[in-house]
Amino acid sequence: MSSLKSQWRTPAFVIVAGCLISATGFGIRSSFGLFLEPMTAAQDWSRETFGLAMALQNLFWGLGLPVAGILADKWGSSRVIIAGALVYFAGVYGMAMSDSHALLYVTGGVLSGLGIAFSAFTLAMASMVRVVGPEKRSFVLGIGTAAGSAGQVLFSPIAQGFINNFGWQQALLLLAWLTLVLVPLAWVLPHGAPANQTQDEQTLQAALSEALAHRGFVLLTLGFFVRGFHVAFITVHFPAYVRDIGLDPSIGAYSLALIGLFNIAGSLLSGIAGKRFSMKVSLSFIYTARAFAITALLLLPKTPLVVLVFAAVMGLLWLSTVPLTTGIVAQVFGTRYMGTLFGIVFLSHQIGSFMGVWLGGRLYDSSGSYDSMWMAGVILGLLAALLHLPIDESPVARVKRLATQPLT
């Protein structure tokens, strides 16, 4: 039986399953911003209340992912994602039932965040990258990230349709049941710990010490904070921002879908760029381009065309940082503890996400405008561009040595 399973768990099956996990999990999560206005209006909550719940979700996603990565590196991504899908279901289902701030924070914040962490597309991508050679890693990571973008394209209009036809509560319940699709998909991924194809006997503690002492890893982690700040703020608050500037709410939903659509191209191009060019320079370019795009949005007239073009440009730059960031981690430190190390980098991302979502709601409630958040996004984008330039992308001595050893 185990022989039969290993025959159909081919690289192609693993990559397809990983892409579907990425699309479903990320697609559902990316639609939560559409619930800000209907939920706050129905429950008489402030935007800060909803923003804090989503900020907690991002924070616990970040806190949970290093733990999920450690467990996936030890026992395999499949079991971890299955457990995470069940928690994800409970969190979104509970979010629909929330009738108080506290319950929203626990379900939509803590439970949903942990569920996303333990069913994260990054865990599936760790399985995907281990079934291909080093020369294909960047491209496979690009494919997996593009799949997440496809999920955003698919789920944004689906979630908006659910809200329009059934109301926000039933829409959340339907999304909750869709999270369970992750269970059979995760079963396709390889079970058990990642195969050790070299003579690498490095322990988890040694891997952590090696990474934390590496200046490039620290800079990469700091830079990823900015990616979280940008993406989480826009995901949660952009539909409300679109309505605030006098445009039809459908423009907000179309914008999220457009971000996801162009993100597919951006993610694939990023994977290709990672094979041909310096990954750190590519990252610096992406963060600089984000700063310029936000500046243009602030300066240009707020027309539907301007908003949709901004969404398209941000889509190209949206998840394009993920293949490059994970690619640097894999290239410098190897793939043995990739889930754990990227989990640490991603924790910084989620702290940025927490700040982006919570501050967005807090500053809006105090000033009635998102302008200060947009300006912060410009400054942080330029800072991230500078942080990536000193990173040393070359493999550490241990990885170079292992590359010369025969496979076992």
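Which residues of α16 are buried? They are Thr321, Val322, Pro323, Leu324, Thr325, Thr326, Gly327, Ile328, Val329, Ala330, Val332 and Phe333, where buried means under 20% relative accessible area, exposed over 50% and partly exposed in between (1.4 Å probe, protein chains only).

The model is predicted, so local features need pLDDT of at least 70 and side-chain atom pairs count only at pLDDT 80 or more, whereas totals for chains, interfaces and linings use all residues. Residues are numbered from 1 along each chain as its sequence is written, and side-chain values use heavy atoms, with hydrogens and water left out.

**Helix α16**

Helices are DSSP runs (H or I, at least four residues) numbered from the N terminus. Helix α16 covers residues 321-333, and 12 of its 13 residues are buried. Its end C-alpha atoms are 18 Å apart, which agrees with the 18 Å that 13 residues should span at 1.5 Å a residue; the expected span is 1.5 Å times one less than the number of residues. Glycine 334 follows α16 and has a positive phi, near 85 degrees.

**Aromatic contacts**

The structure holds 18 aromatic pairs. Rings of Phe, Tyr and Trp (its six-membered ring) pair if their centres lie within 6.5 Å; planes under 30 degrees apart count as stacked, over 60 as edge-to-face and the rest as tilted. Two of these pairs are set out below.

| Pair | Centre to centre | Angle between planes | Class |
|---|---|---|---|
| Phe310 and Trp374 | 5.8 Å | 90 degrees | edge-to-face |
| Phe342 and Phe346 | 5.8 Å | 45 degrees | tilted |

Phenylalanine 310 belongs to helix α15 (residues 304-317) and tryptophan 374 to helix α18 (residues 371-388), so their pair ties together parts that are 64 residues apart in sequence. Phenylalanine 310 is buried at a relative accessible area of 5%, and tryptophan 374 is buried at 1%. Phenylalanine 342 and phenylalanine 346, by contrast, both lie in helix α17 (residues 338-367), 4 residues apart, about one turn of the helix. Both phenylalanine 342 and phenylalanine 346 are buried.

One aromatic cluster is formed by Phe233, Phe238, Tyr241, Phe310, Tyr364, Tyr370 and Trp374. The charged end of arginine 47 sits over the ring of tyrosine 364, 4.3 Å from its centre; this requires NZ of Lys or CZ of Arg within 6 Å of the ring centre and within 35 degrees of the ring normal.

**Aspartate 44**

Aspartate 44 is not a glycine, yet its phi is positive, about 60 degrees. This residue lies in the loop between α3 (36-43) and α4 (47-75). With 71% relative accessibility, aspartate 44 counts as exposed.

How values were computed: Helices (H or I, at least four residues) and strands (E, at least two) are DSSP runs, numbered from the N terminus.
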